[in-house]
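Student: Can you show me how to read the way helices sit against each other? I'd like to go through it one feature at a time.

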Amino acid sequence: MFDLNAIQDFVTVVREQSYSAAARALGTPTSTISKRIQNLEASLSTRLIERTTRALRLTPEGTAFHARALRILAEVEEAESLL
């Protein structure tokens, strides 16, 4: 089972285009964001994000996972609002 925090972190990293900006947006240390993404990639046995010192970009698998992750988070939010 996936960690929803890791999925949220992944979506935020993609939106912010930066680990540090995502960490600021989520109020979480950058190291925590990085570790969660690493664990997510390990659990999927695939790289989701290609990182360089200046930028990051999604792999094809990352692009596909991102689309699904957005739907997953929307479904969770909808489920919570029903309660």
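**Helices and the loops between them**

Tutor: Let's start with helix H1 (residues 4-16) and H2, whose axes come within 8 Å and cross at roughly 120 degrees. Axes are lines fitted to C-alpha atoms, for helices over the stretch in contact, and angles run from 0 to 180 degrees between N-to-C directions. Helices (H or I, at least four residues) and strands (E, at least two) are DSSP runs, numbered from the N terminus. This is a predicted model, where local features need pLDDT of at least 70, side-chain atom pairs count only at pLDDT 80 or more, and totals for chains, interfaces and linings use all residues. Residues are numbered from 1 along each chain as its sequence is written, and side-chain values use heavy atoms, with hydrogens and water left out.

Student: What do we call the way H1 and H2 are set to each other?

Tutor: Angles under 35 degrees count as roughly parallel, over 145 as roughly antiparallel, 65 to 115 as roughly perpendicular and the rest as oblique. H1 and H2 are therefore oblique to each other.

Student: Which residues of H1 make the contact?

Tutor: Contact means heavy atoms within 4.5 Å. On the H1 side, look for Gln8, Asp9, Thr12, Val13, Arg15 and Glu16; Tyr19, Ala21, Ala22, Ala25 and Leu26 answer from H2.

Student: And how are H2 and H3 placed?

Tutor: Helix H2 (residues 19-26) packs against helix H3 (residues 30-44) at about 110 degrees, with the axes 8 Å apart. H2 and H3 are therefore roughly perpendicular to each other. Here Tyr19, Ser20, Ala23 and Leu26 of H2 meet Thr30, Ile33, Ser34 and Ile37 of H3.

Student: Is Thr28 buried or exposed?

Tutor: Buried means under 20% relative accessible area, exposed over 50%, partly exposed in between (1.4 Å probe, protein chains only). Thr28, in the loop between H2 and H3, has a relative accessible area of 19%, so Thr28 is buried. Leaving aside neighbours within four places in sequence, Thr28 is in contact with Ala23, Ile33 and Arg36.

Student: What should I look for in phi?

Tutor: Most residues other than glycine have a negative phi. Gln17 isn't a glycine, yet has a positive phi of about 60 degrees. You'll find Gln17 in the loop between H1 and H2, and at 47% relative accessibility Gln17 counts as partly exposed. Ser45 also has a positive phi, near 55 degrees. Ser45 lies in the loop between H3 and strand E1 (49-51), and counts as exposed at 68% relative accessibility.
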